[in-house]
Amino acid sequence: MDDEEARTRLLDAAEALFYAEGIQAVGMDRIRAESGVPLKRLYKLFPAKEALVAGYLERRDRRWTGSLREAVAAAPADPVGAVFDWLAAWFSEPGFRGCAFLNAYGELGAGGPAAVLDPVRRHKAGLRALLADTLPRGRTARNWPTNS
C-alpha cells in the first residue's frame, strides 16, 4: 500500500466514523483498525489527530462544495431553486447527520484546535461566497422578495 492509498483509506475511515459518532468519540486506534493502515503509517501521514480531522474536513469541503456548485451550474434559469433542491436531496440521504462543519464546531467549540477550526471557517466563508454568487444580479438576501 502506497501513501496515497493509505491516505485515502484513513480519510474514508475518519469521515465515516467522525461524521457518525463525533470527533471526540473516535480515537486514532479505531481509525487505524477501520482503515487497515498500520499505526506507524497513520502517524507518518497525520502526525496528530487534529491533522486527520482537518484533512477529513478539507476533503469533505471540496466534495460537498463542488457538488453544490455543479447543481447550481446545471440550473442557470433557477440557481436559487437548485440550491434548495440540492439541499433537500442531501437532507434525505441515508445516514444524514447534519453539517459536518457545524457538528465539528459544536463539538469542539470556539476554543478548539486552530488546525480544525480553520477548515470550518474557510468552509463557511466559501459557502457564503457561493450563495452570494448564486443570487441573481442586483439581488441580495436583504432585498429578496418574500410571500409575507
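Select glutamate 15 and arginine 63: the two side chains form a salt bridge, with their closest N and O atoms 2.5 Å apart. Glutamate 15 belongs to helix α1 and arginine 63 to helix α4, so this pair ties together parts that are 48 residues apart in sequence. The structure on the screen is a predicted model.

Is glutamate 15 buried or exposed? Its relative accessibility is 10%, and buried means under 20%, so glutamate 15 counts as buried. Arginine 63, by contrast, has a relative accessibility of 43% and counts as partly exposed. Side chains of opposite charge can pair when their charged atoms come close.

**Further salt bridges**

How many salt bridges does the model contain? The count comes to eleven.

Next, select lysine 44 and aspartate 3. Their side chains meet in a salt bridge, at 2.9 Å from N to O. Lysine 44 lies in helix α3, which covers residues 39-45, and aspartate 3 lies in helix α1, so the pair ties together parts that are 41 residues apart in sequence. Lysine 44 is exposed, its relative accessible area being 56%, while aspartate 3, at 30% relative accessibility, counts as partly exposed.

Move on to glutamate 21 and arginine 30. These two residues also form a salt bridge, and their closest N and O atoms are 2.7 Å apart. Both partners are partly exposed: glutamate 21 has a relative accessible area of 38%, and arginine 30 has one of 32%.

Now select Asp12, Glu15, Arg59, Arg60 and Arg63 together. Salt bridges that share partners join these residues into one network. The pair with which the tour began, Glu15 and Arg63, is part of this network.

Which residues are closest to its centre? Of the 13 residues in the lining, they are Arg60, Trp64, Trp86, Trp90 and Glu93. Colour helices α1 (3-21), α4 (49-73) and α5 (79-91) to see the elements that each give two or more residues to this lining. The largest share, four residues, comes from α4. Sorted by class, the lining has seven nonpolar, two polar and four charged residues.

**Helix α7**

Proline 119 is one of the buried residues of helix α7.

Select the whole of α7, residues 114-134. This helix has 21 residues and reaches 30 Å from its first C-alpha to its last, close to the 30 Å expected at 1.5 Å a residue. Colour its buried residues, which are Val116, Leu117, Pro119, Val120, His123, Leu130 and Thr134. They cover an arc of only 155° around the axis, which puts them on the same side of α7.

Technical notes:
Residues are numbered from 1 along each chain as its sequence is written. This is a predicted model: local features need pLDDT of at least 70, side-chain atom pairs count only at pLDDT 80 or more; totals for chains, interfaces and linings use all residues. Side-chain values use heavy atoms; hydrogens and water are left out. On a 1 Å grid over the protein atoms alone, a cavity is a set of points where a 1.4 Å probe fits but cannot get out, and a pocket is an open set with protein on both sides within 12 Å along at least five of seven lines; lining residues have an atom within 4 Å of a point. Ala, Val, Leu, Ile, Met, Phe, Trp, Tyr, Cys and Pro count as nonpolar, Asp, Glu, Lys and Arg as charged, and the others, Gly among them, as polar. A salt bridge is a side-chain nitrogen of Lys or Arg within 4 Å of a carboxyl oxygen of Asp or Glu. Buried means under 20% relative accessible area, exposed over 50%, partly exposed in between (1.4 Å probe, protein chains only). The expected span of a helix is 1.5 Å times one less than its number of residues. The arc is that of the directions from the helix axis to the C-beta atoms.
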